[in-house]
Amino acid sequence: MAGKKRRKLKSLAETVTENNRMTMKEKKEKLELQTWSNLPTELLELIISCLTLEENVRASVVCKRWHSVSISVRVVNQSPWLMYFPKYGNLYEFYDPSLCKTHSIELPQLNASRVCYTKDGWLLLYKRRSHHLFFFNPFTREVIELPGFALYLHVVAFTCAPTSTNCMLLTVQEMGPQSVAVSTCHPGATEWVTVNYQHHLPYPFYTDSLNKFVFCNGLFYCLSSNDWLGFFDPLQRTWNVLAVPPPKRDGKLLKIWRPGTYMTEHKGEIMLIYRCSGSAKPIMFKLDRRNMVWEEMKSLNGITVFASFLSSHSRTDVRGLMRNSVYFPNVRFGGKSCMSYRFDNCRYYPGKKRDLGGLYPQNIWIEPPQDFTSFAELPKEI
C-alpha cells in the first residue's frame with residue numbers, strides 16, 4: 001500500500017514538473033513573440049526594407065502591425081521597355097514585358113540618327129554625316145545638345161541622366177597595341193577633351209563596334225573586342241587595363257558569338273553574359289576583383305537582366321516578370337512576347353531556342369519614368 005502511494009506521489013511530482021516546464025517554455029515563446037511584435041517601428045522598417053519582395057510578402061502575414069510596415073516599405077521595381085527602331089519612317093515601338101503590351105509613337109526628332117547608349121530614360125543619339133550628338137528623352141521629348149564630335153564606330157556611354165551635374169560621356173578609341181585615346185564631355189561643355197593613355201599589358205586592347213560599356217562604383221568599365229577589361233576613373237582621369245584574363249570555361253577560351261555578348265552591373269558587381277554558338281544555354285561570368293578572374297555563375301540569384309547590344313540593365317523584384325532570367329532584345333509574335341531565358345529550368349521562352357541569329361543592334365532597353373503607362377499622356381507637339 002505504501003509502495004503504491006509512493007508511486008502516485010512520484011507520478012504527481014513528475015506531472016507538476018512537466019507542467020512547470022511547459023509553462024516556462026510557453027512563457028519564453030510568448031516573451032519572444034512579444035519581443036518581436038513590440039519592436040520599435042523604425043527598427044522594424046529598417047529590417048523589413050532589407051528583404052526581397054517575396055520575403056516582404058511573407059512578413060506581411062505575421063500580424064497586422066507587420067503587414068502595415070511591410071506595405072509601407074515594399075518596393076516593386078519597374079521593368080524597362082524594349083525600344084525597337086523602324087527600318088523606314090519615324091514610328092517607334094516600345095514593348096513593356098511586364099504587361100506584354102506594345103506602345104507606338106511618332107518621333108521625327110530621331111530621323112537619320114543612330115542610338116549609341118541609354119540610361120535613366122535618356123537616349124544618346126548620333127548623326128554621322130553632321131557629327132551631331134544629342135540626348136533625347138522619348139517620354140518627355142526633351143532634347144539636350146552636345147558639342148559635335150566624330151565618333152569612332154558610335155561606341156560611347158554616359159554616367160547618368162544629362163539633367164544631373166554628375167553626367168559625363170566617354171568614348172575610347174584604340175591608337176596602338178598598348179595605347180588608347182579617351183575622350184570625355186559633359187552637358188553644357190563647348191568641346192570634347194581627348195587624352196592618350198598607355199597600358200603595360202602584353203596584350204592589345206582592341207576597340208570596335210562590339211565594345212561594351214558600363215558605369216559602376218564611380219568608374220567607366222570598357223570591355224574590348226578581345227575581352228580585356230579597361231576602366232577609366234573620371235575623378236583621377238586615369239586609364240588602366242585590368243590584368244584579368246578573358247573568361248574561360250574548363251580551362252579553354254570561349255568560342256563566342258561576338259554580337260551575343262552583354263555586360264551589365266548589379267550592386268557593384270560586373271557581369272558578362274554570352275550567347276555562344278552551338279550552346280543552347282547562355283554562359284554568365286562575374287568579375288572577381290580579389291582574385292582577378294572571371295568567375296562562372298550558375299545562377300543569377302534572383303536578378304532579372306535586360307540585355308541589349310548597346311547597353312543592358314539589371315533588376316530585382318520586377319512585377320510580372322521571371323526572376324533569375326535574361327530578357328533579350330528580340331520581340332516575337334507581332335510584339336506580344338519577348339525572348340527570354342530562365343536559368344531555374346534551363347529553357348527559353350517562348351518555345352525553344354530560335355530567332356536568336358539576328359543582331360538587333362538598334363533594339364535597346366530603356367527605363368520609363370516611374371508609373372509611366374502610356375504615350376497618350378503626352379501632348380502631340382511640345
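Two strands count as paired if DSSP finds at least two bridges between them. By that rule, this predicted model holds an open sheet of 4 strands, in the order S4-S5-S6-S7. Elsewhere, strand S13 pairs with S12 and with S14. A search of the whole structure finds 0 disulfides.

**The open sheet, S4 to S7**

- The pairing in this sheet is antiparallel.
- Strand S4 (114–119) and strand S7 (142–145) are the edge strands. Each has a single partner strand, so one side of each lacks a neighbour in the sheet.
- Neighbouring strands are turned by 25° against each other on average, direction ignored.
- Strand S6 covers residues 132–137 and is joined to S7 by 4 bridges. The two strands run antiparallel.
- Within that pairing, Phe136 stands opposite Val143 of S7.
- Strands of a sheet pair through backbone hydrogen bonds, either parallel or antiparallel.

**Strand S13: burial**

- Strand S13 spans residues 219–223. Of its 5 residues, 5 are buried, so the strand is largely enclosed by the rest of the structure.
- Buried here means under 20% relative accessible area.
- In a regular strand, side chains alternate between the two faces of the sheet.
- Both faces of S13 are covered. One side carries Leu219, Tyr221 and Leu223, the other Phe220 and Cys222, and all are buried.

- Strand S12 (residues 212–216) pairs with S13 in the antiparallel sense, over 5 bridges.
- Val214 has Tyr221 of S13 as its bridge partner. Tyr221 is also one of the buried residues of S13.
- The hairpin of S12 and S13 has 2 residues between the strands. In this hairpin, Asn217 takes a positive phi near 55°.
- Strand S14 (residues 229–233) is joined to S13 by 4 bridges, and the two run antiparallel.
- Cys222 stands opposite Gly230 in S14. Cys222 is buried.
- The hairpin of S13 and S14 has 5 residues between the strands. There, Asp227 takes a positive phi near 70°.

**Cysteines**

- A disulfide is a covalent bond between the sulfur atoms of two cysteines.
- The search for disulfides in the whole structure returns 0. The cut-off is a pair of cysteine sulfur atoms within 2.5 Å.
- Cys63 has 28% relative accessibility, so it counts as partly exposed.
- Cys346 is also partly exposed, with a relative accessible area of 44%.
- Cys222, in S13, is buried.

Conventions. Residues numbered from 1 in each chain as written. Predicted model: local features only at pLDDT ≥ 70, side-chain atom pairs only at ≥ 80, totals over all residues. Heavy atoms only, no water. Axes fitted to C-alpha atoms, helices over the stretch in contact; angles between N-to-C directions. Buried < 20%, exposed > 50% of the residue type's maximum accessible area, 1.4 Å probe, protein only.
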